[in-house]
Amino acid sequence: MGLGVYGFIPRHFTFFWKYLVTEIRDGKRSPDVDGEILLLMVDADSRGLGIGRKLVDKFLAEAKNLGGKSIRVCTDEASNWRFYKNYGFQRYSDYFDELDSFIHKKSIRGIYYLIDLNKAS
Ligand SMILES: CC(C)(COP(=O)(O)OP(=O)(O)OC[C@H]1O[C@@H](n2cnc3c(N)ncnc32)[C@H](O)[C@@H]1OP(=O)(O)O)[C@@H](O)C(=O)NCCC(=O)NCCS
């Protein structure tokens, strides 16, 4: 029998647990860098108009200006990881994403991409 109404407590506990496990494992497998793209999202109606590229161009130029050498991004199979690949980011590692898999109820792999700012165009 579940705890709370309709298993509310176990579901939230599991979410919190998966979040912790993902955060701790992430810290160990992520590459050391000078900066990170944490979240990039363009409104679905405005995609393909060059907005994402402009934002990333600006961010990378600013990071380089500040003396940064490398930038990482953590994405996953459910997101538009090809955007970064086309951009010149190199795949660094991938892993089973506990939290996203729990949320989406299917197995999702997280992916780390890395870009060397000295080689970026
Ligand atoms: C990823 C995202 C931010 C790109 O923003 P956007 O404004 O649509 O991208 P742009 O129009 O600037 O496209 C830039 C380049 O990437 C390419 N690109 C965009 N989406 C692509 C896709 N799904 N597959 C391959 N290439 C893609 C474009 O063709 C363009 O290339 P070009 O400059 O050579 O013509 C947007 O698709 C998004 O918000 N996706 C949902 C959230 C997400 O997946 N975020 C990234 C992972 S964390």
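**The ligand and its pocket**

An oxygen atom of the ligand lies 2.7 Å from a polar backbone atom of V42, a polar contact being a pair of N or O atoms within 3.5 Å. The model is a predicted one, in which local features need pLDDT of at least 70 and side-chain atom pairs count only at pLDDT 80 or more, while totals for chains, interfaces and linings use all residues. Residues are numbered from 1 along each chain as its sequence is written, and side-chain values use heavy atoms, with hydrogens and water left out.

Side chains take part as well: an N or O atom in the side chain of R47 is 3.3 Å from an oxygen atom of the ligand, and a polar side-chain atom of N86 is 2.9 Å from a nitrogen atom of the ligand. On its own the ligand has 920 Å² of accessible area, of which the protein covers 69% (Shrake-Rupley method, 1.4 Å probe).

Around the ligand there are 17 residues, of which V42, G50, G52, R53 and N80 come nearest; a residue is counted here if one of its heavy atoms lies within 4 Å of the molecule. The largest share of this shell, four residues, comes from α3, and both α2 and α3 supply at least two residues each, where helices are DSSP runs of H or I with at least four residues and strands are runs of E with at least two, numbered from the N terminus.

The space taken by the ligand is the largest pocket, in the sense that more than half of the ligand's atoms lie within 2 Å of its grid points. A pocket is an open set of points on a 1 Å grid over the protein atoms alone, where a 1.4 Å probe fits, with protein on both sides within 12 Å along at least five of seven lines, and its lining residues have an atom within 4 Å of a point. The volume of the largest pocket is about 1100 Å³, and among its 34 lining residues L39, L40, C74, T75 and S79 are the closest to its centre.

Conventions:
Points joined across faces, edges and corners; volume = space filled by probe spheres on them. Polar contact = N/O pair within 3.5 Å; in protein donor to acceptor, adjacent residues only side chain to side chain.
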